[in-house]
Amino acid sequence: MTEATDELERTEPGEPAEPIFVPYTELSEDALRGVLESFVLREGTEYGERDVSLDQKVAQVERQLQRGEAQIVFDPESQTIDIVVMANDRSTTRRDTP
(Lines give C-alpha, C1' and ligand atoms only; values in the text may rest on other atoms or scores of the structure.)
Protein backbone atom coordinates (compact mmCIF):
# COMPACT_ATOMS: atom_id res chain seq x y z
CA MET A 1 0.00 0.00 0.00
CA THR A 2 1.35 3.44 -0.87
CA GLU A 3 1.73 6.40 1.46
CA ALA A 4 -0.95 8.26 -0.53
CA THR A 5 -3.39 5.35 -0.10
CA ASP A 6 -2.61 5.16 3.61
CA GLU A 7 -3.33 8.88 3.92
CA LEU A 8 -6.70 8.54 2.19
CA GLU A 9 -7.74 5.71 4.49
CA ARG A 10 -6.91 7.70 7.65
CA THR A 11 -9.34 10.50 6.83
CA GLU A 12 -12.50 10.33 8.94
CA PRO A 13 -15.82 10.40 7.06
CA GLY A 14 -17.16 13.94 6.79
CA GLU A 15 -13.76 15.54 7.39
CA PRO A 16 -12.18 17.36 4.46
CA ALA A 17 -9.23 15.38 3.17
CA GLU A 18 -5.89 17.16 3.20
CA PRO A 19 -4.07 17.54 -0.12
CA ILE A 20 -1.41 14.90 -0.66
CA PHE A 21 2.02 15.93 -1.93
CA VAL A 22 3.23 13.37 -4.46
CA PRO A 23 7.00 13.13 -5.02
CA TYR A 24 7.61 13.39 -8.76
CA THR A 25 10.21 10.64 -8.38
CA GLU A 26 7.42 8.21 -7.38
CA LEU A 27 5.69 8.55 -10.77
CA SER A 28 6.60 6.55 -13.83
CA GLU A 29 8.15 8.51 -16.67
CA ASP A 30 4.91 8.30 -18.65
CA ALA A 31 2.75 9.34 -15.70
CA LEU A 32 5.02 12.30 -14.90
CA ARG A 33 4.95 13.41 -18.53
CA GLY A 34 1.15 13.20 -18.51
CA VAL A 35 0.89 15.30 -15.34
CA LEU A 36 3.33 17.89 -16.71
CA GLU A 37 1.60 18.12 -20.09
CA SER A 38 -1.82 18.40 -18.48
CA PHE A 39 -0.59 21.21 -16.25
CA VAL A 40 1.12 23.10 -19.08
CA LEU A 41 -1.81 22.72 -21.47
CA ARG A 42 -4.40 23.66 -18.86
CA GLU A 43 -3.06 27.18 -18.63
CA GLY A 44 -3.14 29.51 -21.61
CA THR A 45 0.29 30.75 -20.62
CA GLU A 46 1.72 33.57 -22.69
CA TYR A 47 5.46 33.41 -23.14
CA GLY A 48 5.87 36.73 -24.91
CA GLU A 49 6.91 37.30 -28.49
CA ARG A 50 8.77 34.03 -28.92
CA ASP A 51 7.14 30.64 -29.34
CA VAL A 52 7.87 28.07 -26.67
CA SER A 53 7.21 24.45 -27.58
CA LEU A 54 5.27 22.05 -25.39
CA ASP A 55 8.50 20.12 -24.75
CA GLN A 56 10.24 23.30 -23.57
CA LYS A 57 7.36 24.20 -21.25
CA VAL A 58 7.27 20.67 -19.82
CA ALA A 59 11.05 20.75 -19.28
CA GLN A 60 10.76 24.08 -17.43
CA VAL A 61 8.18 22.72 -15.01
CA GLU A 62 10.13 19.48 -14.57
CA ARG A 63 13.22 21.52 -13.59
CA GLN A 64 11.09 23.36 -11.02
CA LEU A 65 10.11 19.98 -9.55
CA GLN A 66 13.73 18.80 -9.50
CA ARG A 67 14.88 21.98 -7.73
CA GLY A 68 12.08 21.70 -5.16
CA GLU A 69 10.50 24.94 -6.37
CA ALA A 70 7.26 23.14 -7.28
CA GLN A 71 5.43 20.04 -6.08
CA ILE A 72 2.75 17.76 -7.42
CA VAL A 73 -0.39 17.78 -5.26
CA PHE A 74 -3.33 15.39 -5.32
CA ASP A 75 -6.65 16.71 -3.97
CA PRO A 76 -8.69 13.77 -2.65
CA GLU A 77 -11.86 15.90 -2.48
CA SER A 78 -11.92 16.71 -6.20
CA GLN A 79 -9.83 13.70 -7.27
CA THR A 80 -7.57 16.05 -9.23
CA ILE A 81 -3.84 16.53 -9.47
CA ASP A 82 -2.07 19.85 -9.80
CA ILE A 83 1.36 21.41 -9.58
CA VAL A 84 1.97 24.17 -7.07
CA VAL A 85 4.92 26.51 -6.86
CA MET A 86 6.40 26.63 -3.40
CA ALA A 87 6.68 30.02 -1.72
CA ASN A 88 10.18 31.19 -0.83
CA ASP A 89 9.75 30.38 2.87
CA ARG A 90 8.36 26.93 1.96
CA SER A 91 5.65 27.34 4.61
CA THR A 92 2.92 28.09 2.08
CA THR A 93 2.14 27.19 -1.51
CA ARG A 94 0.55 29.12 -4.28
CA ARG A 95 -0.85 28.06 -7.62
CA ASP A 96 1.30 29.30 -10.45
CA THR A 97 1.73 28.79 -14.15
CA PRO A 98 4.79 27.21 -15.71
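Here is a walk through this structure, from the overall layout to the core, the strands and the charged pairs.

First, some ground rules: this is a predicted model, where local features need a pLDDT of at least 70 and side-chain atom pairs count only at pLDDT 80 or more, while totals for chains, interfaces and linings use all residues. Residues are numbered from 1 along each chain as its sequence is written, and side-chain values use heavy atoms, with hydrogens and water left out.

That score, pLDDT, is the predictor's confidence in each residue, on a scale from 0 to 100. The protein chain averages 80, and 67% of its residues score at least 70. Have a look at residues 90-98, though: pLDDT stays under 50 there, and the model has 29 contacts beyond four places in sequence for this stretch. A contact, by the way, means heavy atoms within 4.5 Å.

Now for the layout. The chain has three helices and four strands, and if you read along the sequence you get the pattern α-β-α-α-β-β-β. These elements are DSSP runs numbered from the N terminus: helices are H or I runs of at least four residues, and strands are E runs of at least two. Among contacts with a separation of 6 or more, 45% come from residues 24 or more positions apart. Of the 98 residues in the chain, 28% are buried. Here buried means under 20% relative accessible area, exposed means over 50%, and partly exposed is in between (1.4 Å probe, protein chains only). The chain exposes about 6,800 Å², with carbon and sulfur atoms supplying 46% of that; the areas come from the Shrake-Rupley method with a 1.4 Å probe, and for residues only the protein chains shown count as cover.

Let's go inside. The largest nonpolar core has 14 residues, and L36, V61, L65, I72 and I83 have the most contacts within it. Such a core is a set of buried Ala, Val, Leu, Ile, Met, Phe, Trp, Tyr and Cys residues joined through side-chain atoms within 4.5 Å. At least two core residues come from each of β1 (20-22), α2 (29-42), α3 (54-66) and β2 (70-75). Helix α2 gives the most, with five residues. Take L36 as an example: leaving out residues up to four places away in sequence, L36 touches V58, V61, E62, L65 and I83.

Helix α2 also holds G34. This glycine counts as partly exposed, at 37% relative accessibility. Its C-alpha atom is separated by 9.7 Å from that of V58, 24 residues away along the chain.

Next, the strands. Two strands pair if DSSP finds at least two bridges between them. Strands β1 and β2 run antiparallel and are joined by three bridges, with I20 standing opposite F74 in β2. Strands β2 and β3 are antiparallel too, and six bridges join them. Here A70 stands opposite V85 in β3, and F74 turns up again, opposite I81 in β3. Between the two strands of this hairpin there are four residues, and Q79 takes a positive phi near 60°. Strand β3 is largely enclosed by the rest of the structure, because five of its seven residues are buried.

Finally, the charged pairs. Side chains of opposite charge can pair when their charged atoms come close. How many salt bridges does a search of the whole structure find? The count is four, where a salt bridge is a side-chain nitrogen of Lys or Arg within 4 Å of a carboxyl oxygen of Asp or Glu.

One of them joins the side chains of R33 and E37, at 2.5 Å from N to O. Both residues lie in helix α2, four residues apart, which is about one turn of the helix. R33 is partly exposed at 30% relative accessible area, and E37 is partly exposed as well, at 24%.

Another salt bridge pairs R42 with D82, with the closest N and O atoms 2.9 Å apart. This one links distant parts of the chain, since R42 sits in helix α2 and D82 in strand β3 (residues 80-86), 40 residues apart. R42 is partly exposed, with 38% relative accessible area.

R67 and E69 form a salt bridge too, their closest N and O atoms being 2.9 Å apart. R67 is partly exposed at 48% relative accessibility, and E69 is partly exposed at 33%. Salt bridges with shared partners also join R33, E37 and D55 into one network.
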